[in-house]
Amino acid sequence: MPKPVKQEFDVVVIGAGAVGENVADRAAQGGLSVVLVEAELVGGECSYWACMPSKALLRPGTALHAAQTTPGAKEAVTRTLDAAAVLKRRDYFTSNWQDDSQVAWVKDSGIDLIRGHAWLTAPKTVQVAGLDGTSHQLAARHAVVLATGSVPNTPPIEGLEDLQVWGTREATSASEIPERLAVLGGGVAGTELAQAYARLGSAVTLVARSRLLRNYPEEAARLVAAGLRADGVDIRLNTGTQGISGNDDGTFSLQLADGSTVIADKVLVAVGRHPALEGLGLESVGIEPDGSGHLALSTDTSGLVEGVSGDEPWLYAVGDAAGKNLLTHQGKYEARATGDAIAARAKGELTGRPADWSRYSQTANQHAVPNVVFTDPELATVGRTLESAREDGYNASSVELPIQVAGSSLHSENYEGWAQLVVDEERQVLLGATFAGPDVSELLHAATIAVVGGVPLDRLWHAVPSYPTISEVWLRLLEKYGL
C-alpha cells in the first residue's frame, strides 16, 4: 500500500456542499489556507438533489395555476404542464449533475479540493481515501470543520428494506413521471414533492402518521392541504404504513394501519433526515454514540463541538451535521459565522464564547429561523410559534386573520390566505410570524428583520405597506392587535 500524501492546512473542511463552501470561503477570506474534501459533487445536496431541483419542479405548476386563477389570463391558458419541458428545466438548474462550475469557483477562491472520503484519526488529523486511489493524511493547524450534511431517515416498515423505493434524491432527479406515486411523509419534502408530481400528471397518494405539516400552525397547514387536494392528491392523515411489498408487475402494495391498501408504481419515502456523522471517526476524538447507537454533536454559537479531545478547541460542525436547523440558508448562515470565528481565533482576535449577535455567533438559530414550504399555497414562517414561545417562558400572545386585502384580491381570484404574528407582551416586539397563501414567501424577510431587530410594535406601525400589495396584511394585523 502506498504511503499517504501528507499535507498541512490551516483549516480542513469535510464536505463541499453549500455549507462547506461557505465556511471555507470565509476562512480563506480571513487569510487562512483551506482544503475542501468531498466524496460526491461539489455543491452538495441542495444544488443537485434538494432545494434547486425540487423548486424547479414546483415553479411551473405554480405559475400555471396563478394564470388559471386570474381572470383575463385564465381564458388564454389552454394547456396543461409539459412534463418533458419541466424536467429539462430541472436538468438545467442542476447543471445536468455536473459540478464543473463549482469546482472552478473553489479554485478561483484559492481553496484546495480533494475528492474522497474523509474521517478523523486524531485531534486535528484527517485521513482521506481519494477517489483516484491516492491516500491523504491532512493536518489542520487551527480547525477541522464537519459540513457533511444529512441523510434520510428510514421508517420501520415491514418489507421496506428489501425493495428499491425512492428517496428525495430519486424523486428530484427522476427522468419520467410515474402514473401512480405514493408519498410516505407529511413534512416539507413530502408535501412539496406530492404536489409537484400531481401537477406533472401522477395520481398521488400521501400517507402521514400525523396531520400534514405538524410543526406549523394548523390553520396554515389546512390551507396547504386544501391546495394539495385541489390538485387531486389523496391525503391519508393520522395513519401509518404497516407494510410494503412488491408485485409481479413491478408495482408496490402498501398496507396502511387503517386496513386500506394503496397500489403505486413508485413509492417516495420522505420522513425526515438526520445528521450524516457515521464513518467520520468521531469516536477517535472522544465523541461516542448514545445508548441507541446514534451519534449527535453539541456545538456552541460559533460552531465549536463540545466534548472533543485535544489541548485546545479545534473541531467545528455546521449545517445539517450540527443537527440544529436542517435548512440550507440557515446552514450557510452558520458557516459564515463559523468561518469568521475560525479566522478570528487563529489571529487571536476572538477568545471564548462570542457575543450574541456578533459576526461570530449563530444567534439567529435561537430566535429567528426563516422557513418556506414552497407548495401552492406557500407557507412561510420565522421565529417562534405561540406554543413554543410560551414553552420558552415568554408572556406571549398572538393575532391572526385571513389575508383579505386589496393586493390579495388583485393577485388572483378567490385568493385564500392566513397570517399570524406572535408578540412578546413584556417587550412589545415580535417573536414570530406565519403566512400562508400564494406568494407569501416574499412577505417573510420583512418579518425576519422585525424579529432579529427587535423592532417595537409602535415603531413597526410606521412601516407603511405599499398599496395595493399583499403586504397590507401587516397593517391589518397591527390594527387588530390594537395599534
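Let me start with proline 468, which sits in the loop between α14 (457–460) and α15 (472–481). Helices (DSSP H or I, at least four residues) and strands (E, at least two) are DSSP runs, numbered from the N terminus.

Some housekeeping. This is a predicted model, in which local features need pLDDT of at least 70 and side-chain atom pairs count only at pLDDT 80 or more, while totals for chains, interfaces and linings use all residues. Residues are numbered from 1 along each chain as its sequence is written, and side-chain values use heavy atoms, with hydrogens and water left out.

There is another cis peptide bond to point out, from aspartate 376 to proline 377, with omega near 10 degrees. Proline 377 belongs to the loop between β16 (370–373) and β17 (378–383). Asparagine 96 is not a glycine, yet its phi is positive, about 55 degrees. Look for asparagine 96 in the loop between α4 and α5 (100–108). For background, most residues other than glycine have a negative phi, and most peptide bonds are trans.

Now the helix pair. Helix α3 covers residues 51–68 and helix α4 covers residues 83–93; they pack at an angle of about 150 degrees, and their axes are 9 Å apart. Axes are lines fitted to C-alpha atoms, for helices over the stretch in contact, and angles run from 0 to 180 degrees between N-to-C directions. α3 and α4 are therefore roughly antiparallel (over 145 degrees). The crossing of α3 past α4 is right-handed, that is, the near helix is turned clockwise from the far one by less than a right angle.

Which residues of α3 meet α4? On the α3 side they are Met52, Pro53, Ala56, Leu57, Arg59 and Pro60, and on the α4 side Val86, Leu87, Arg89, Arg90 and Phe93, with contact meaning heavy atoms within 4.5 Å. Eight of the residues in this contact are nonpolar, none is polar and three are charged; Ala, Val, Leu, Ile, Met, Phe, Trp, Tyr, Cys and Pro count as nonpolar, Asp, Glu, Lys and Arg as charged, and the others, Gly among them, as polar.

On to the disulfide. The count comes to one, taking a pair of cysteine sulfur atoms within 2.5 Å. It joins cysteine 46 to cysteine 51, with S to S at 2.4 Å. The torsion about the S-S bond of cysteine 46 and cysteine 51 is about -130 degrees, so this disulfide is left-handed.

Next, the sheets. An open sheet of three strands has the order β10-β11-β12, with antiparallel pairing; strands pair if DSSP finds at least two bridges between them. Its edge strands, each pairing on one side only, are β10 (241–246) and β12 (261–264). From one strand to the next the twist averages 20 degrees. Five bridges connect β10 to β11 (residues 252–256), and serine 245 has serine 253 in β11 as its bridge partner.

An open sheet of four strands runs β9-β8-β7-β13, with parallel pairing. At its edges are β9 (234–236) and β13 (266–269). Neighbouring strands here are turned by 15 degrees against each other on average, direction ignored. Four bridges join β7 (residues 180–184) to β13, and alanine 182 stands opposite valine 267 in β13. Finally, helix α7 (residues 188–199) lies across β7, β8 (203–207) and β13, at about 165 degrees to β8.

Definitions and conventions: Angles under 35 degrees count as roughly parallel, over 145 as roughly antiparallel, 65 to 115 as roughly perpendicular and the rest as oblique.
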